[in-house]
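Biologist: I'm new to this one and would like to learn how to read it. Could you walk me through it?

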Amino acid sequence: MAEQVTSSNPGRYATGSAATAERLITRIILMGVAFAFLAIFLVMPLVIVFTEAFSRGLAPFLENIADPDTLSAIRLTLIVAAISVPLNLVFGVAAAWAIAKFEFKGKAFLITLIDLPFSVSPVISGLVYVLLFGSTSLLGPWLKMHGIVILFAVPGIVLATVFVTFPFVARELIPLMQEQGTGDEEAALSLGANGWQTFWFVTLPNIKWGLLYGVLLCNARAMGEFGAVSVVSGHIRGVTNTMPLHVEILYNEYNAVGAFAVASLLAGLALVTLVLKTLLEMRYGAEIAATRGH
Amino acid sequence: MEVRVSNVRKEFATFPALHDVSLDIKSGELIALLGPSGSGKTTLLRLIAGLEEPTRGQIYFGDQDASHRSIQERNVGFVFQHYALFRHMTVADNIGFGLKVRPGATRPSKADIRRRATELLNLVQLPGLENRYPAQLSGGQRQRVALARAMAIEPKVLLLDEPFGALDAQVRRELRRWLREIHEATGHTTVFVTHDQEEALELADRVVVMSQGRIEQVGTADDVYDHPTSPFVYGFIGDSSTLPVKVENGQVWVSDRPIGLPITSGEPDGPATLYFRPHEVDLLDDCGGCIAGTVVASRRVAGTRRVELEIGGGRERVEIELPIEHAATQKSRIAFRPRRWKVFPTA
């Protein structure tokens, strides 16, 4: 008995302390690397954006924001987001619903298609629309004949933005809906609910946090998209410039304060999104825990 | 409400889950669909509910063909194995859901819905839990709420898919008794699916034994236990021992010797399998027409002793039950004859 104690105790003590020490060092290194990386590549640029924007005080900052071209860029960005986010909300829910709740041929293909905008360079996404609707394209002459303007105008910008942002909502919902299965929907139907009531009272409440999260990410990307929009916009000041494009133009004109002022608005939007996302994650985490307990 | 399933076939993709199944369910009956997984019992239940459509055949509710009616039109109460309670609604809202979604003219007032939910909670013995959320309930409580929710729509038929499958043994037994009481109090025609034979035999008026997409036997607990009509039912319900035998000249033979079991119900001559219950045997002293074997293993099971016997030179083994005080030891020779038995021709 005594022998057992002496032989087992030191062993346990040694391995236990060694394991803990190792874990602690590893943890410090990992955390240090992560924080240093974030500080250099994320926090510092963000700080610089704001310090540059306010480098000459508040008045020049406001002046730059109040510039008609800047206001027009803000308006266009909001319009584009206001059209493309709801479109992708509807599309995302429909696609996720189809993929998670039904079996059909071509399902894997649909999932691949949804991921396409993630894997393709945004510039290519924009270029596709130029090739499709440009004056030298097949559709070009027909569009011209009917007076329909897509390229270098708002419709083109919206199309490019919709293309680039369409995976966000669907990607967020598919795993969630797959995990939840069809049991709740079947229960609602068996109780006499019609399809719309089932969606409204049962499916939507089950996915609402995931949906909100997806919409938030989709919105952030819709407002911040540069590459695809740049190709189709034509950079007409006060007409087809979105905020990210306007930042570039101001910067190229050596108007640093103006560029950083607009950039700080975009950065502010990103921060708001981040805060909302964190709040949602806290909320969403509790919901997932509840789901698991269910 | 009477339910009649008539020559129903169901295929998933091309895989047949049910072959030509027919079943009559009487009004007010409590029926168990019993079978191993993959036997098609859940598919049959979902077909009756309208959650699946039959590939062929009809399902009648009363004398109306309901085969192509939607689940909403069939007015069935369905209880899911994993409850499927709406987690963002309170218990009262869950129970009232079926009333809330009714079209305007037939929808009861909010106060009436609330009152009905309270009544049903009392019926399922969960008074006072109206404002709880499903996550705050135990598994047994959730299943009671699920049943209350299904009954709120005054269904013609109550369908339960492995209602106690996700619960632990003690809660299961308690809910079993409770379900029987509810059934007697409300008189709903009820069909439930289970893979637990004890549950089926104890609870149901009639048991439907299923295997590989076919109904093997329909009958009361006594019928299916005492008079199984197929080898599958004999093997699936209760313990059984089997021995390869031969039928010849109106007798059952084990390796060239008749064992004193005369054929009475016309089984054809030829190779067959003898089925009997390990506890339904008579021990014999001298063997003039019996099964004799050598004890090769013995184990104590509750109030009895199970021994494994080697029959006919060690090729076959059967298990029988002995009284505890029986002096059987390793290598001792035991002779017996089944009291109740059946032979099925070997396919």
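**Where the chains meet**

Modeller: Let's begin with the contact between the chains, where contact means heavy atoms within 4.5 Å: it takes 22 residues from chain B and 20 residues from chain A. Keep in mind that this is a predicted model, in which local features need pLDDT of at least 70 and side-chain atom pairs count only at pLDDT 80 or more, while totals for chains, interfaces and linings use all residues. Residues are numbered from 1 along each chain as its sequence is written, chains are lettered from A and ligands numbered from 1 in the order in which they are written, and side-chain values use heavy atoms, leaving out hydrogens and water.

Biologist: How much area do chain B and chain A bury between them?

Modeller: Buried area is the accessible area (1.4 Å probe) that two parts lose on being put together, summed over both. Here that comes to about 2,000 Å², with 60% of it on carbon and sulfur atoms. B:Q72, B:R87 and B:V101 supply 31% of what chain B buries against chain A, more than any other three residues.

Biologist: And how many salt bridges are there across the interface of chain B and chain A?

Modeller: You look for a side-chain nitrogen of Lys or Arg within 4 Å of a carboxyl oxygen of Asp or Glu. The rule finds two between these chains. B:R46 forms a salt bridge with A:E186, where the closest N and O atoms are 2.5 Å apart.

Biologist: What about the sheet in chain B: in which order do the four strands come?

Modeller: In general, strands of a sheet pair through backbone hydrogen bonds, either parallel or antiparallel. Strands here are DSSP runs (E, at least two residues), numbered from the N terminus, and two of them pair if DSSP finds at least two bridges between them. In chain B the order is β2-β1-β4-β5, an open sheet with antiparallel pairing. Its edge strands, β2 (15–25) and β5 (64–65), each pair on one side only. Strand β1 (residues 3–12) pairs with β2(B) over seven bridges, and B:K10 has B:L18 as its bridge partner in β2(B).

Biologist: Which domains does the assignment give for chain B?

Modeller: Domain bounds come from an automatic or database domain assignment; for chain B that gives domain 1 (3–235) and domain 2 (239–345). Their C-alpha centres lie 41 Å apart. The two domains bury about 840 Å² between them, 55% of it on carbon and sulfur atoms. B:Y225, B:P231 and B:Y234 supply 71% of the area that domain 1 of chain B buries against domain 2 of chain B, more than any other three residues.
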